[in-house]
Amino acid sequence: MELGISSFGDVRPDGVAGKAVNAHQRMQELLEEIKLADEVGLDVFALGEHHRPDFVISAPEVILAAAASITKTIKLSSAVTVLSSADPVRTFQNFATLDLISNGRAEIMAGRGSFIESFPLFGYDLRDYDELFTEKLDLLVTINQHEVVDWVGKHRASIQHLGVYPRPYQESIPIWLAVGGTPASAVRAGTMDLPMTVAILGGPPDRFVSFVNLYRQAAQRAGHDVSKLQLAINSHFYMSDESQQASDEFFPTYALLMNRVGKERGWSPITRDQFEYGREYGPLMVGSPQQLIDKILYFHELFGNTRYLAQMISGPDLSHTKMLHAIELFGTKVAPEVRKALAQKTTIDR
């Protein structure tokens, strides 16, 4: 199982037209975090696209290209590319360029995004929400598979026997489909034989087992080899040397994010009790190294996932130094033990 990190690049809004000091600092921190993740042996780092003042990443492939020059082996992915409001041709070209820069380490995680601010920004109608994603995913996959493209669309101009360049260093760019919990999304991923990433941000993790089963069943019905399917589980993450320390350090930042988003969506403010329940019984990956080893292995027992992505968030109460320490612990304490346990399990199963 691959182990990695995802980030939205949380930032305190500068509120200025230029001299974006906070954004500049956060960008430098992100690059340092990716570099460290590579150095401690993690497998992937993924950046999420947003177009809001509280997240600094609107062009993940640009930041990932910068990261490619200071890393050696870590895979570099979006998490997600909001494909519904993007141009698939340009998306492919950008990630193919990243792939060439990184010697074949680029990945695309395509999704509809957890926010909708990109639709009016780029001139799209929310009434076309589903159609846009379906059509653009089809075009992106087609471009990935064929150098010269013939394609007819409704929401984007058709392409008549044109080449799309550059081509990637890899034979093709891995395209993951990011989903939240809509059954049709799992069926789509399975039918198209695409790797799937499931974001579990609330509720008991085991309630997603049937959702993952839908994915595998759809792939089987479509005639694909289910044993080769790739599945990632994504959840909020923070680690410190001790469990209570991790909880105390992370809760203020987590509550700030969840309450800010919750205010927009009509959620009740999160309580400390709810947070602690999520740590013990829910998807929150927050605690000591041993706690996280146990929980990652529990996730693997539930889902048989081939990747775990730890979603890190930052804020004024969680210093960059603490973030780096969490990454270091993940790579040096947790990852080796998880890999060892899974290797032993594979040997016993054989």
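In this predicted model, F330 is in contact with L3, G4, I5, L42, F237, M239, I296, Y308, A310 and A335, neighbours within four places in sequence being left aside. A second, separate core of 10 residues includes A46, M109, A232 and L309.

**The largest core**

F330 is also one of the residues with the most contacts inside the largest nonpolar core; the others in that group are L42, M196, V198, F237 and Y308. This core has 98 residues. Helix α11, which spans residues 320-349, supplies the largest share of the core, 10 residues. In soluble globular proteins, nonpolar side chains tend to be buried together.

**Parallel strand pairing**

| Strand pair | Sense | Bridges |
|---|---|---|
| β3 and β5 | parallel | two bridges |
| β4 and β5 | parallel | two bridges |
| β5 and β8 | parallel | three bridges |
| β8 and β9 | parallel | three bridges |
| β9 and β10 | parallel | four bridges |

Individual residues can be followed across these pairs. L76 stands opposite A106 in β5, while T81 stands opposite A110 in β5. A110 in turn has L177 as its bridge partner in β8. Further along, A178 has T197 of β9 as its bridge partner, and T197 stands opposite A232 in β10. A232 is among the residues of the second, separate core.

Strand β4 (residues 81-82), helix α3 and strand β5 form a right-handed β-α-β unit. Strand β8, helix α6 (residues 183-191) and strand β9 form a right-handed β-α-β unit as well.

**Strand β5**

How many of the six residues of strand β5 are buried? Six of the six residues in this strand (residues 106-111) are buried, so β5 is largely enclosed by the rest of the structure.

**Helix α2**

In helix α2 (residues 60-68), the buried residues are P60, E61, I63, L64, A67 and A68. Viewed down the axis of α2, these buried residues fall within an arc of 160 degrees, so they line one face of the helix. An α-helix has 3.6 residues a turn, so residues three or four places apart point the same way. The buried residues of α2 pack against helices α1 (21-39) and α3 (88-101), and against strands β2 (44-47) and β3 (75-78).

**The chain as a whole**

The secondary structure comes to 11 helices and 12 strands. The radius of gyration is 20 Å, close to the 20 Å that the globule rule gives for 350 residues, so the chain is as compact as a globular protein of that length. Its C-alpha atoms fill a box of roughly 60 × 60 × 40 Å along the principal axes. Buried residues make up 52% of the 350 residues. Among contacts with a separation of 6 or more, 71% are between residues 24 or more positions apart.

Methods. Residues are numbered from 1 along each chain as its sequence is written. This is a predicted model: local features need pLDDT of at least 70, side-chain atom pairs count only at pLDDT 80 or more; totals for chains, interfaces and linings use all residues. Side-chain values use heavy atoms; hydrogens and water are left out. Two strands pair if DSSP finds at least two bridges between them. A crossover is right-handed if, with the strands pointing away from the viewer, the path from the first strand over the helix to the second runs clockwise. Buried means under 20% relative accessible area, exposed over 50%, partly exposed in between (1.4 Å probe, protein chains only). The arc is that of the directions from the helix axis to the C-beta atoms. Contact means heavy atoms within 4.5 Å. A nonpolar core is a set of buried Ala, Val, Leu, Ile, Met, Phe, Trp, Tyr and Cys residues joined through side-chain atoms within 4.5 Å. The radius of gyration is taken over C-alpha atoms; the globule rule is 2.2 Å times the number of residues to the power 0.38.
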